[in-house]
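The entries below follow the order in which I looked.

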Amino acid sequence: MYFLGLDIGSSSVKIALVASDTGKQLAVEQEPKEEMSMEAHQKGWAEQDPNLWWHYACLGIKSILKSTKVSPETIKGIGISYQMHGLVVVDAQGIPLRKAIIWCDSRAVEIGEEALKSIGPSYCTEHLLNSPANFTASKLKWVKDNEPAIFDKTAKFLLPGDYIALKLSGESTTTVSGLSEGIFWDFKQDRLSEELLTHYGFSKEQIPNIVPTFGLQGAVSAKGAEESGLVAGTPILYRAGDQPNNALSLNVFKPGEVAATCGTSGVMYGVTSNLSVKEYARVNNFAHVNYQKSAQKSIGKLLCINGAGIQYRWLKNTLCITDYETMNELASTVAVGSDGIQCIPFGNGAERMLKNKDVGTRWVNINLNRHQKAHLCRAALEGIAFSFVYGFEIMQADGIEPTVIKAGNDNMFRSRIFAETIATLIGQEIALYNTTGAIGAARACVLKEGDYNAFSAYTQNDYVKTYHPKKEKQAYQLAYNNWKKELNLILNTIA
């Protein structure tokens, strides 16, 4: 018997099969094989067709069933992970009314800033634990203000994972964790924020039905089965945004545990029971997957860096290098500090940790007589690593004191230079584990009974290695200080 995991990303859809009794990984598939594109019709916009996510999910499900020769009748549960903060608006038949406005779209920044002032910082920090900022609620308000005909037809608004669950089951549902990431949840009252709904002019009827994060959320319908290749009645047992799910995948549930990832964007995600929101303008606070109403609150503090892996990918494509391993090998031939080159890697929209300033990517101190591809590769790795360190300092100011940092053995944490730069500057070991979001989503199905010990047993063989801080830190610290000085000069010139 097996569990199926879906990870709906902005670059691709990943599908995983794990054994339901042991959690052992059977296979992982990715669709499309190349990365999905984002549409940017105006500066700061980022949209995707949600039907593409479903198309690739169905392709991947059929492909993994064929390659593993697993019968769909043996799949006993489905878990869903998804790109956070997106907005899908659907009509009464569940048909999307427009392209999805995805996580890195910054068109609603001013709407969120106005809401913070109007609703009041005290309410936002005490009840929402966040500024409305550029999240799902503010994006929906943008649709209401700029596309009123579409808003009037909107029966439900959905997060990306909610839309996949709708396509599977035919039912519009969401979770408390999902509502909190959209800034719809009142943590103080443990309910929907009626104040925010009223301020933005949303109807409660537009809110999907709330289901538990773990447990029966719905079942595959006849239509969902026909399109996906699954069996009607297969239960959907779990759903969470990609960063809470990444933490779950790494067995990060307790205060002091931190999960890190660096794909298209970079994230530091720390679990705490501390409701401090000192840095609410730059660090987000969401209901973690094990958050329980009327019990001790499990909060995930999330710091996002938009311009992370996408910066390294851009450099690879621009330099016409075929793979990341070659880039890492080139970078290893250059000393710490990249011979003075600094990469400010924020070219993927407004950065929340920089107070929603759109800094862009900047290359500083390039010497045309000295510097070559290798220097650029090292500078990019260091610049992205420095942005993690910068963000980590913000999280420490907000009360996160890590006892352990874990990362998946994929994306940029496979680069020794990248990981050791972070570990050295923050003085903390980083442990790598062989897991992914899709595998974590599949394994989470076992938690339908709330058995965290069973989940720990699933992950006990995932450990790969640990990056240790370098004893000689001076060169790293000097390079970081110079990078931060350059970033601060830039920030001071942007209104």
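**Entry 1. Cysteines**

I counted as a disulfide a pair of cysteine sulfur atoms within 2.5 Å. I note that such a link is a covalent bond between the sulfur atoms of two cysteines. The model is predicted, so I record that local features need pLDDT of at least 70 and side-chain atom pairs pLDDT 80 or more, while totals for chains, interfaces and linings use all residues. Residues are numbered from 1 along each chain as its sequence is written, and side-chain values use heavy atoms, with hydrogens and water left out.

I found zero disulfides in the structure.

Cys104 is buried at a relative accessible area of 7%, and Cys262 is buried at 1%.

**Entry 2**

Two strands pair if DSSP finds at least two bridges between them.

I traced six strands in an open sheet of mixed pairing, ordered β3-β2-β1-β5-β14-β13. β3 (25-31) and β13 (214-219) are at the edges with a single partner strand each, so one side of each has no neighbour in the sheet. Neighbouring strands are turned by 25 degrees against each other on average, direction ignored; axes here are lines fitted to C-alpha atoms, for helices over the stretch in contact, and angles run from 0 to 180 degrees between N-to-C directions.

I next examined β5 (residues 75-82). Seven of its eight residues are buried, so the strand is largely enclosed by the rest of the structure. It runs parallel to β1 (residues 2-8), to which seven bridges join it, and Gly5 stands opposite Gly79 of β5. With β14 (residues 235-241), β5 pairs in the parallel sense over five bridges; there Gly79 has Tyr238 as its bridge partner.

Which residue of β14 is the bridge partner of Phe214? I found that it is Tyr238. β13 and β14 run antiparallel and are joined by three bridges.

**Entry 3. Helix α10**

I asked which strands of the sheet α10 touches. The helix packs on the sheet and touches β5, β13 and β14, with contact meaning heavy atoms within 4.5 Å. Its direction makes about 105 degrees with that of β14.

Seven of the eight residues of α10 (residues 242-249) are buried, so the helix is largely enclosed by the rest of the structure. Among the buried residues I list Gln243, Pro244 and Leu248. After α10 comes Asn251, with a positive phi near 60 degrees.

**Entry 4. Aromatic rings**

I paired rings of Phe, Tyr and Trp (its six-membered ring) if their centres lie within 6.5 Å; planes under 30 degrees apart count as stacked, over 60 as edge-to-face and the rest as tilted. The count comes to 19 aromatic pairs.

Phe157 and Phe184 are stacked, 4.6 Å centre to centre with 20 degrees between the planes. Phe157 lies in β8 (residues 156-158) and Phe184 in the loop between α7 (176-181) and β10 (185-186), so the pair ties together parts 27 residues apart in sequence. Both Phe157 and Phe184 are buried.

Phe388 and Phe413 are edge-to-face, at 6.1 Å centre to centre and 85 degrees between the planes. Phe388 is in helix α13 (residues 373-397) and Phe413 in the loop between β21 (404-408) and α14 (416-426), 25 residues apart. Both Phe388 and Phe413 are buried.

I noted one aromatic cluster formed by Phe151, Phe157, Phe184, Tyr200 and Phe202.

Key: Buried means under 20% relative accessible area, exposed over 50%, partly exposed in between (1.4 Å probe, protein chains only). Helices (H or I, at least four residues) and strands (E, at least two) are DSSP runs, numbered from the N terminus.
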